[in-house]
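User: Hi! Could you walk me through this one?

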Amino acid sequence: MPKTTKSRNLMASTAIVQLGEVVNVAAVVHRSPFRYPGGKTWLVPRVRQWLKSLKPAPRELAEPFAGGAIVSLSALLEEIVQQITMVEKDEDVAAVWDVIIYGEGSRLANDIVAFNPTDENIKNQLKLPIADRYQRAFTTIVRNRVQRGGIIAAGASLLNKGENKKGMRSRWYPETLKKRINAIIEKRRQIAFIQGDGIDFIRYNAHRADTAFFIDPPYTQAARRLYTFGEIDHRKLFKAAMKIKGDFLMTYDATEEIQKLAKEFGFQSEPVAMKNTHHEIMNDLVVGKNLAWLKSATEEPQSERAAQPDSPAVTSP
Ligand SMILES: C[S@@+](CC[C@H](N)C(=O)[O-])C[C@H]1O[C@@H](n2cnc3c(N)ncnc32)[C@H](O)[C@@H]1O
């Protein structure tokens, strides 16, 4: 293998966490039907470590800015928690979770497999007026697969050449999506989904001592382009987080504004390195009450390594 290819491959399969440890992203099983902009697949090993460090162990994990919900789904499917609650404001994203968790999830999985993703069929599907919640969910899945970076917000463009010059269908993995959806359906009694405001959810549920919160809001920069709801009141979120009785882990872009807020509210913050869409290493920030667990980070076991049709790097911010 030529040297350049080898080093590029190495970059694609690892993310480096500051404090000296390497997370093998290929070892993270991707459990979400979404390829999500700003998705936190790369952080799953660290979240696992955080949850396992908590005494007493939380019964529930809440994800108030769910998006692709990779973190809460991983915690549930790996049986680290017994219950998850996902909250998302975006109607399109919410339709997908509603259908899978409360509606016709199997129909959605089968329709994905039955869909013939020619350029014409894709364009026609995206043009269809939304008739009902089910159709909104199906169209959202198509849009998420065929638009650049998985961005479903207005203004995102279609994949042009895609991978291996396969164009729009280059990220259409119907059987993989079906498997992921069916795995979620099997656990749906342990999943609650709410279409609503993440900060309000935290305020109303902060008193629940047996619940841990993974909080991944739209960041302070670049989020407007990625999401239909790309702006929140960060101070209000920190205020709500202060009331959380159990523990929380929050992620942000490593800006001075957020570091200052963390300090003001008495939280700890640590930079964690991640890869962006261009395979550049950048720092994100994790914020929490006590991040001592992060310092005892160890590498994930290799046994979980699995072929991942969705490279997490593609959907990272
Ligand atoms: C950084 S993304 C979450 C990504 C997610 N952690 C993942 O791994 O897929 C932030 C999400 O928050 C949603 N959002 C924005 N404002 C919100 C609000 N006020 N309440 C709930 N969700 C909101 C956005 O639509 C977006 O899906």
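User: Which helices and strands each supply at least two residues of the shell around the ligand?
Analyst: Those are α3 (70–77), β4 (83–88) and α9 (198–205). Helices (H or I, at least four residues) and strands (E, at least two) are DSSP runs, numbered from the N terminus. This is a predicted model, where local features need pLDDT of at least 70, side-chain atom pairs count only at pLDDT 80 or more, and totals for chains, interfaces and linings use all residues. Residues are numbered from 1 along each chain as its sequence is written.

User: And how many residues surround the ligand?
Analyst: There are 24, and the closest are Gly-38, Phe-65, Gly-67, Gly-68 and Gly-198. A residue is near a molecule if its C-beta atom, placed from the backbone, lies within 6 Å of it.

User: New topic: what is Ala-69's phi, and where does Ala-69 lie?
Analyst: Its phi is near 55°, a positive value in a residue other than glycine. Ala-69 lies in the loop between β3 and α3.

User: Buried or exposed?
Analyst: Ala-69 is buried, with 30 other C-beta atoms within 10 Å. Buried means 20 or more such atoms within 10 Å of its own, exposed means 12 or fewer, and partly exposed is in between, with C-beta atoms placed from the backbone.

User: Last one: which peptide bond is cis?
Analyst: The one from Lys-55 to Pro-56, with omega near -5°. Pro-56 lies in the loop between α2 (44–53) and β3 (60–63).
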